[in-house]
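Please have the structure open while I talk.

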Amino acid sequence: MAKIAPSILSADFCELGRDIQRVSTADWLHVDVMDGMFVPNISIGVPVVASIRRHTYMFLDVHLMVEKPVRYVDAFARAGADLLTVHLEADMPPQIREALRAMEAAGVKKGIALRPITSAEAVLPYLELGVDLVLVMTVEPGFGGQKFMADQLPKLQAIRRYIDRYRPGCELEVDGGVGLSNARQVEEAGASVLVAGSAVYGAADPAAAIAALRG
Ligand code: DX5
Ligand code: ZN
């Protein structure tokens, strides 16, 4: 059974505490950090993650959609993130490796993320480095509520094969346009964590939506 990680990007930020409470039956809480450079949108930053940490014991899965993320690893780790994910497209490989080392030193779990354009093979050197999670974007990062890109499913299957072979136990997370209509398909393709923003927060009963997504 896949883990469900509601994305608070679809929450009401004036009622963030209430909206986190509403999804407390989920496995993880997905926090989208956007810098207006790596993606065209700006969302939330370090102080908000620190406030969330004081409010909940949920596992904080922090998705950094920022340029040169190595600059922010320590700050988000100190703010209370449990796992940090950096995009492979956000810096050169040595700096991505440095970001992963900084996560290790800070005691947080290490994730890498791929835009739709990035191929499955790009994860191979990082599986060897011992990442804990690979995030596959199934929309162009930047906004919630976009349409799921089914053309990413073969990539998901390929990464599942790589994980099983080289880094069993590594989580495979799918982010973007995931809902009831495709959750089973995504899971069958090998996902172990499903991010869902609009599918959870757009539902009349978020807890029921989480249960339905779990299958
Ligand atoms: C998009 C974010 C996603 C987004 C998902 O850049 O990374 O986490 O919130 O939202 P939905 O599930 O609505 O596509
Ligand atoms: Zn995300």
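Start with His63: one of its polar side-chain atoms lies 3.3 Å from an oxygen atom of ligand 1. I call that a polar contact, meaning a pair of N or O atoms within 3.5 Å. Asp175 also reaches a ligand oxygen with a polar side-chain atom, at 2.7 Å. Gly145 uses its backbone instead, with a polar atom 2.8 Å from an oxygen atom of ligand 1. Taken alone, the ligand exposes 390 Å², and the protein buries 100% of that; the areas are Shrake-Rupley values with a 1.4 Å probe.

A word on conventions. This is a predicted model, where local features need pLDDT of at least 70 and side-chain atom pairs count only at pLDDT 80 or more, while totals for chains, interfaces and linings use all residues. Residues are numbered from 1 along each chain as written, chains are lettered from A and ligands numbered from 1 in the order written, and side-chain values use heavy atoms, without hydrogens and water.

Now the shell. Around ligand 1 there are 20 residues, of which Asp32, Gly142, Asp175, Gly197 and Ser198 come nearest; being near takes a heavy atom within 4 Å. Which element gives the largest share of the shell? That is β2, with three residues; strands are DSSP E runs of at least two residues.

Finally, the ligand sits in the largest pocket, as more than half of its atoms lie within 2 Å of the pocket's grid points. A pocket here is an open set of points on a 1 Å grid over the protein atoms alone, where a 1.4 Å probe fits, with protein on both sides within 12 Å along at least five of seven lines. The lining has 24 residues, and Phe143, Gly144, Gly145, Asp175 and Gly176 lie nearest the centre; lining means an atom within 4 Å of a point.

Note on methods: Polar contact = N/O pair within 3.5 Å; in protein donor to acceptor, adjacent residues only side chain to side chain. Helix = DSSP H or I, 4+ residues; strand = E, 2+ residues; numbered from the N terminus.
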